[in-house]
Amino acid sequence: NYLCSGDDNDDDSLLVSMFDDLSRMFAMKLLLNAVSTTGHVLSGVVLYNRMVNVRVSNNKLFYRALRMIQDFGNVDMELATECLLQSVYGEHAYKAKLHDPILK
């Protein structure tokens, strides 16, 4: 129990106990992250140390996908936007969306 009892020895043991608990939790977090990362690598959704399995469902993911297209395709922002919109809306429908405002 982490309640203060007023005794210095109890306070010291409390801090040690809390530190031990935090250390165990942090070690577990690192282990779970390693397992998760390994799973993603083995399933083939990591390319050049980047997770590339991105579902463009919000503004942040839209810009993440744009940066990946720019980096992997070595293209400018305009062409990356055109390619991304074409993949989302289809070959002909994307042209109507090219000049729609995109939030940043």
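Q: Which backbone oxygen does the side chain of Thr-81 reach?
A: In this predicted model, the side chain of Thr-81 makes its approach at 2.8 Å. Thr-81 belongs to helix H3, residues 77-89. The backbone oxygen reached is that of Met-77.

Q: Is Thr-81 buried or exposed?
A: The relative accessibility of Thr-81 is 12%. Buried means under 20% relative accessible area. Thr-81 therefore counts as buried.

Q: How many aromatic pairs are there, and how far apart in sequence are the parts that the pair of Tyr-48 and Phe-72 ties together?
A: The count comes to two aromatic pairs. Tyr-48 and Phe-72 form a tilted pair, at 6.1 Å centre to centre and with 35° between the planes. Tyr-48 lies in the loop between strand E1 (46-47) and strand E2 (50-51), and Phe-72 lies in helix H2 (residues 59-73), so the parts tied together are apart in sequence by 24 residues.

Q: Is Tyr-48 buried or exposed?
A: Exposed means over 50% relative accessible area. Tyr-48 has a relative accessibility of 69%, and therefore counts as exposed.

Q: How are the rings of Phe-62 and Tyr-63 paired?
A: Both Phe-62 and Tyr-63 are buried. Their ring centres are 5.4 Å apart. Planes over 60 degrees apart count as edge-to-face. The planes of Phe-62 and Tyr-63 stand at 85°, so the pair is edge-to-face.

Q: Which residue has its charged end over the ring of Phe-72?
A: The ring of Phe-72 also pairs with that of Tyr-48. The charged end in question sits 5.5 Å from the centre of the Phe-72 ring, and it belongs to Arg-50.

How values were computed: Residues numbered from 1 in each chain as written. Predicted model: local features only at pLDDT ≥ 70, side-chain atom pairs only at ≥ 80, totals over all residues. Heavy atoms only, no water. Helix = DSSP H or I, 4+ residues; strand = E, 2+ residues; numbered from the N terminus. Buried < 20%, exposed > 50% of the residue type's maximum accessible area, 1.4 Å probe, protein only. Polar contact = N/O pair within 3.5 Å; in protein donor to acceptor, adjacent residues only side chain to side chain. Phe/Tyr/Trp six-rings, centres within 6.5 Å; stacked < 30°, edge-to-face > 60°. Lys NZ or Arg CZ within 6 Å of the ring centre and 35° of its normal.
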